[in-house]
Amino acid sequence: MVKKIAVLTGGGDCPGLNAVIRAVVKTAINEYGLEVIGIEDGFGGLIKKQMRRLTVDDVAGILHRGGTILGTTNRDNPFRYPVVEKGEKRYVDLSDEIMQTLQEEKIDVLVVIGGDGSLSIAKEFHEKGLKVIGIPKTIDNDLSATDRTFGFDTAVNTATEALDKLHTTAESHHRVMVLEVMGRYAGWIALESGIAGGADVILIPEIPYRIEKVCAKIKERLERGRKFSIVVVAEGAHPEGGEMVVQRRVEDSADPIRLGGIGHVVGRQIEECSGMETRVTVLGHLQRGGSPTPYDRILATRYGAAAVRFLMEGKFGEMVCLRGTEITTVPLAEAVKVLKKVPLDSDLIRAARAVGISFGD
Ligand code: F6P
């Protein structure tokens with residue numbers, strides 16, 4: 001019998017998190033008369049016992065707000081929590097303490113809104129006997145178990161808007177404009193914003209590029225009197241036989257690698273080989289902030305409401321997901337197994353090629 005649930009947001013934030021929290025709280029209280037506890041700053045809040053009761057009033061007016069009212073972190077894995085003793089760092093397993101805290105607080109089910117890192121932790125807790133349900137979030141859209149993660153549409157919108165703006169200035173100055181976008185090891189944001197924003201070249205991790213091919217495309221445009229070009233580069237893009245560019249390491253994060261910098265590498269090379277003035281914009285965390293699009297607000301609301309409905313049906317150890325037009329669930333173990341990369345034979349790639357976009361291959 002479920003009476004009290006807790007909800008947390010983990011990993012990097014993304015637009016739509018508040019819309020999910022709102023849907024979870026409203027569905028739980030209005031439809032099922034449950035009590036809802038909000039955990040602050042991801043799993044860190046469970047370790048530090050930072051939590052508060054959430055009422056319908058607490059989630060009023062947050063549907064359109066970016067970020068998360070609960071806070072988040074991509075560190076604080078309770079199964080591998082770093083402690084420093086006598087100047088030495090070591091890792092401890094605090095999962096038993098957390099299980100006890102949840103029992104003391106009489107929390108029956110934990111709702112985890114997160115990406116692959118937080119959902120892997122959720123899976124480990126489920127294997128320990130905790131009742132959990134996951135909700136997928138990430139601007140990268142790289143979870144294979146769902147057709148769409150919320151946040152992605154907003155990120156694509158932001159990148160497309162940036163491309164529209166870069167287009168006008170590129171055309172006026174006869175320049176090449178390079179836009180580096182996020183997406184980690186998948187090229188979804190670059191591909192979709194590149195198509196929507198009329199890019200001439202899109203470089204994604206799934207298709208290693210050759211800089212000569214990129215330059216050939218830009219020169220061919222020049223010969224046709226098109227004195228500017230727009231190049232979208234995914235942060236995970238890399239040349240044939242080359243490596244991704246790592247910007248920094250964030251230790252104690254599920255994946256410590258932070259990509260970034262490939263835009264400048266490509267920009268320099270384009271300037272050298274084409275002789276055209278080339279400028280680089282790195283869109284960065286602008287893609288993660290701001291108000292979610294209507295699509296993301298709706299998907300987030302559907303996910304939140306469905307998660308509560310499914311947990312009331314006793315579906316635990318599952319993640320809600322979108323399959324076609326339907327919201328369903330998939331076991332957490334499946335949800336975190338494979339990264340969803342852009343398939344090379346996808347219709348998106350074919351359509352992009354058909355309209356003359358080069359992938360540098
Ligand atoms: O996974 C979301 C994401 O924004 C990636 O696209 C990006 O590589 C990474 O997170 C950036 O993480 P951080 O906020 O730690 O810089």
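## Ligand site and disulfide

Around the ligand you'll find Asn74, Thr138, Ile139, Asp140, Met182, Gly183, Arg184, Glu235, Arg258, His285 and Arg288, where being near takes a heavy atom within 4 Å. This is a predicted model, so to speak of local features pLDDT must be at least 70, side-chain atom pairs count only at pLDDT 80 or more, and totals for chains, interfaces and linings use all residues. Numbering runs from 1 along each chain as its sequence is written, and side-chain values use heavy atoms, with hydrogens and water left out.

By class, the shell splits into two nonpolar, four polar and five charged residues, with Gly counted as polar. Domain 1 (4-150 + 292-335) and domain 2 (156-288) each supply at least three residues of that shell; the bounds come from an automatic or database domain assignment.

| Side chain | Distance to a ligand oxygen |
|---|---|
| Arg258 | 2.6 Å |
| Arg288 | 2.8 Å |
| His285 | 2.9 Å |

Taken alone, the ligand exposes 400 Å², and the protein buries 81% of that (Shrake-Rupley areas, 1.4 Å probe).

Elsewhere, a search of the whole structure turns up one disulfide, defined as cysteine sulfur atoms within 2.5 Å. The pair is Cys215 and Cys273, with sulfur atoms 1.6 Å apart. The torsion about the S-S bond of Cys215 and Cys273 is about -55 degrees, so the disulfide is left-handed.

Technical notes
Polar contact = N/O pair within 3.5 Å; in protein donor to acceptor, adjacent residues only side chain to side chain.
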